Structures are given as structure tokens and as C-alpha cells.
Amino acid sequence: MLFSHLTSMCSDLLRLIYPRICAACHHALAGNEEVLCSFCLFYLPRTHFHLHADNELERHFWGRVPLRRATAFCYFQKGSRLQRLIHQLKYEGRTDIGRYLGKLYGLELLQSAEFQQVDLLLPVPLHRSRLLQRGYNQADCICQGMAEALQKPWSDQVLIRRQATDSQTRKNRFERWENVADVFAVARPAAVAGKHLLLIDDVITTGSTLEAAAHSLLQYEAASVSVAGIGCAIR
Ligand SMILES: [Zn+2]
């Protein structure tokens, strides 16, 4: 009783020093809100791809890599709430935003029988040099939240990145594919063989990175690979 009273006093005090504000619109959060206010949460532009086989993201991968399913939580647009959230996650140390968005989407994925049957979640790894620079991998944060919601295991030790890639933005599709083709390796083949794996990334832009990672996993006899992102910015 005394302890819970103290905890509540501490959190009230912290709120005075660091007011809890919405990470997207900066309005104060109500007591039951976390990271986003109810308004911003409601207006996130969800894709609902997980409920629709052959959705536009899956068609984007057709002929490139045989994925079981492909999905993303929201459409990603420049200047949007989601872009502000991802920016804070990647560049401002807001790892809590990654876990929050991952958990939010994980709870929605429970509506899909196929995503419920995933065996293991794997974040797209960063190269070691980038990891050292940033201090964390944003995809790990998303993966943690999603794994918690789906009640499935996740690992950052299975898929590894062998080399850093150049910036993808000024390359055409073939050059991008060439750039990432040998980037990934599987450190623990026994963990992937015969499994349905779910690869997790923050924003899916060209899909080249996920394509290369999925190819590596399939080489090691994963039964099937699905992919999920928080944002979908395919062109
Ligand atoms: Zn808001």
C-alpha cells in the first residue's frame, strides 16, 4: 500500500518535471494514454494489409522473393505523424516509440490466423558500425513490442548483417538489389530450418533489404518467410 502510494507520488512528480506529451502532436497525454494521444492514434493511416492476401505490398514482392505474407501497419508519407514518430525512434533515442508501435501492430496482427502461426520474429539487423553509432537497432525495439503482443519469441542473433550498404536512395532497382544481395548471413541455421519467420523493419521503401534478408533465410531452409513493417512507402 505504502509502496504503491510512493510509486504514484513519484510518477506525479516526474510528470511535473517531464510533462507527458504526445510524440506526434505534443499535446498533453491523458492518464491512460501512452506515447500517442487518442486523436493521433485514431488518425494513423492503417493499411489493414494483414487482413488481405495479395495486397499491394505483397504484389510489390511478386517475382522477387516468395514471401508467405507481407504487411505494414500504416501508409508512410513525408511530413506525416508517422514520419515524426519514426524520426524520433531512429535519431532521438525514443526506443519506447518502437516498442509502442510494435505492440500496437502486434495486437492487430492477432486478427490474422497466419500471423498468429509465426514461429520466430527477426528484426532486420543493422551493420555493427551503424549499431555502435546509434547504440540500438530501431527494428529490435519494434520487434520486442510485436513479440510481446503476439507472445512469440524473437532474436537478434539469428540473422546478421555482414556489410554496411551505401545509401539506397540514388540507385535504380537493379543496383539496389546488387547492393544488398550478399549483405545478410544466417548465424544460427538450426533456428530457421522448417520455421515460419517474420522479418521486421521500420519503413518498407524499396523492399530490397527485406528481399535480400528473406533470400538468405530461405537458403537456410526456412519453411516460409513473411515480412512486416510499421510504415509502407513503396513506390
Ligand atoms: Zn497527438
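Why is helix H5 largely enclosed by the rest of the structure? Eleven of its 15 residues are buried, so H5 is largely enclosed. Here, buried means that 20 or more other C-beta atoms lie within 10 Å of the residue's own, exposed means 12 or fewer, and partly exposed is in between, with C-beta atoms placed from the backbone.

Hello everyone, and a word on ground rules before we go on. This is a predicted model, where local features need pLDDT of at least 70, side-chain atom pairs count only at pLDDT 80 or more, and totals for chains, interfaces and linings use all residues. Residues are numbered from 1 along each chain as its sequence is written.

Let's take the whole chain. Its secondary structure comes to eleven helices and six strands. Helices (H or I, at least four residues) and strands (E, at least two) are DSSP runs, numbered from the N terminus. Of the 235 residues in the chain, 38% are buried. Among contacts with a separation of 6 or more, 74% join residues 24 or more positions apart. A contact means that two C-beta atoms, placed from the backbone, lie within 7 Å.

Now to the sheet. It is open, has four strands in the order E1-E6-E5-E2, and its pairing is parallel. Two strands pair if DSSP finds at least two bridges between them. At the edges are E1 and strand E2 (120-123), each pairing on one side only. From one strand to the next, the twist averages 20°.

Look at strand E1, residues 70-75: five of its six residues are buried. E1 pairs with strand E6 (residues 224-232) over five bridges, and Cys74 has Gly231 as its bridge partner in E6. E6 also pairs with strand E5 (residues 196-204), this time over eight bridges. There, Ile200 is partnered by Ala228 of E6.

Which strands does helix H8 lie across? H8, residues 138-150, lies across E2, E5 and E6, running at about 130° to E5. For these angles, axes are lines fitted to C-alpha atoms, for helices over the stretch in contact, and the values run from 0 to 180 degrees between N-to-C directions.

Back to H5, then. From first C-alpha to last, its 15 residues reach 21 Å, close to the 21 Å expected at 1.5 Å a residue; the expected span is 1.5 Å times one less than the number of residues. Its buried residues, including Arg99, Tyr100 and Lys103, pack against E1, H4, helix H6 (113-116), H8 and E6.

One of those neighbours is helix H4 (residues 81-91), which packs with H5 (residues 95-109) at an angle of about 130°, their axes 7 Å apart. H4 and H5 are therefore oblique to each other: under 35 degrees counts as roughly parallel, over 145 as roughly antiparallel, 65 to 115 as roughly perpendicular, and the rest as oblique. Leu85, Gln88 and Leu89 in H4 meet Ile97, Gly98 and Leu101 in H5. By class, that contact has four nonpolar, two polar and no charged residues. Nonpolar covers Ala, Val, Leu, Ile, Met, Phe, Trp, Tyr, Cys and Pro, charged covers Asp, Glu, Lys and Arg, and the others, Gly among them, are polar.

Last stop: His50, in the loop between helix H2 (38-42) and helix H3 (56-61). Is His50 buried or exposed? His50 is buried, because 24 other C-beta atoms lie within 10 Å. Leaving out residues up to four places away in sequence, His50 touches Thr71, Glu108, Leu109, Ser112 and Phe115. His50 and Ser112 are 62 residues apart along the chain, yet their C-alpha atoms are separated by 6.5 Å.
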